[in-house]
Amino acid sequence: MLSWSGNEQGIEIDLLSVQAATGGAAVDFAHELVEFATAATGFDQTAMVKSRDALIACAGLAVTIDAAAVIANFEMMTRLADSTGARMQTEVVADRLAIATAMGVDQVVSRR
């Protein structure tokens, strides 16, 4: 979704650069994007407002809205899948775990 959003706005997104929050040449606002996503998964309203304002300041309102929509969509999809009791095939889980490990997402602890 982030890649699609970047394409729509003419921004090349390097997900490894975003995950590392280094910015790189293609994503100058990677650090702010990671801070915003991190704050969105927490309970600290002050951190949320601060990170949102920082992302707006460096990437613009449209990028911030896209990021918020992606965060909300992932939250919705997770809750929907959990509520149905859906289980992924073993092969799909293995493929996704490899991607999650490469991005460092496998280290994120769920709020549940």
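Thanks for having me, everyone. Please keep in mind throughout that we are looking at a prediction.

Let's start inside. The largest nonpolar core has 10 residues: Val27, Phe29, Ala30, Leu33, Phe36, Ala39, Met48, Leu55, Val63 and Ala67. Three helices, H3 (30-40), H4 (45-59) and H5 (61-84), each supply at least two residues of this core. Which helix gives the most to this core? That is H3, with 4 residues. As a general background note, nonpolar side chains in soluble globular proteins tend to be buried together.

Now to helix H4. Which residues of H4 are buried? They are Met48, Ser51 and Leu55. Looking down the axis of H4, you find these buried residues within an arc of 75°, so they line one face of the helix. On the other side of H4, Gln45, Thr46, Lys50 and Ala57 are exposed. The cover over the buried residues of H4 includes H3 and H5.

At its start, a side-chain oxygen of Asp44 comes to within 3.0 Å of the backbone nitrogen of Thr46. Just after H4, Gly60 takes a positive phi of about 100°.

Let me zoom in on Ser51, which sits in H4. Is Ser51 buried or exposed? Its relative accessible area is 7%, and buried means under 20%, so Ser51 counts as buried. Setting aside neighbours within four places in sequence, Ser51 is in contact with Glu35, Phe36 and Ala39. If we turn to Ala39 and leave out residues up to four places away in sequence, Ala39 touches Ala47, Met48 and Ser51.

Ile56 is another residue of H4, and this one is partly exposed, with a relative accessible area of 28%. Not counting residues up to four places away in sequence, Ile56 touches Leu61 and Thr64. Ile56 and Leu33 are 23 residues apart along the chain, and their C-alpha atoms are separated by 9.7 Å.

On to helix H5. Its 24 residues should span 34 Å at 1.5 Å a residue; the end C-alpha atoms are 35 Å apart, which agrees. Val63, Thr64, Ala67 and Val70 are buried in H5, and what covers the buried residues of H5 includes H3 and H4. Just after H5, Gly85 has a positive phi of about 75°.

Finally, the charged pairs. How many salt bridges does the structure hold? There are 2. One joins Arg79 and Glu75, with the closest N and O atoms 2.6 Å apart. These two are 4 residues apart in H5, so about one helical turn separates them. Arg79 is exposed, at 53% relative accessible area, while Glu75 is partly exposed, at 38%. The other salt bridge links Arg52 with Asp53, where the closest N and O atoms are 3.4 Å apart. Arg52 counts as partly exposed at 34% relative accessibility, and Asp53 also counts as partly exposed, at 39%.

Technical notes. Residues are numbered from 1 along each chain as its sequence is written. This is a predicted model: local features need pLDDT of at least 70, side-chain atom pairs count only at pLDDT 80 or more; totals for chains, interfaces and linings use all residues. Side-chain values use heavy atoms; hydrogens and water are left out. A nonpolar core is a set of buried Ala, Val, Leu, Ile, Met, Phe, Trp, Tyr and Cys residues joined through side-chain atoms within 4.5 Å. Buried means under 20% relative accessible area, exposed over 50%, partly exposed in between (1.4 Å probe, protein chains only). Contact means heavy atoms within 4.5 Å. A salt bridge is a side-chain nitrogen of Lys or Arg within 4 Å of a carboxyl oxygen of Asp or Glu. The expected span of a helix is 1.5 Å times one less than its number of residues. The arc is that of the directions from the helix axis to the C-beta atoms. A polar contact is a pair of N or O atoms within 3.5 Å; within protein, one must be able to donate a hydrogen and the other to accept it, and residues adjacent in sequence count only if both atoms are side-chain atoms.
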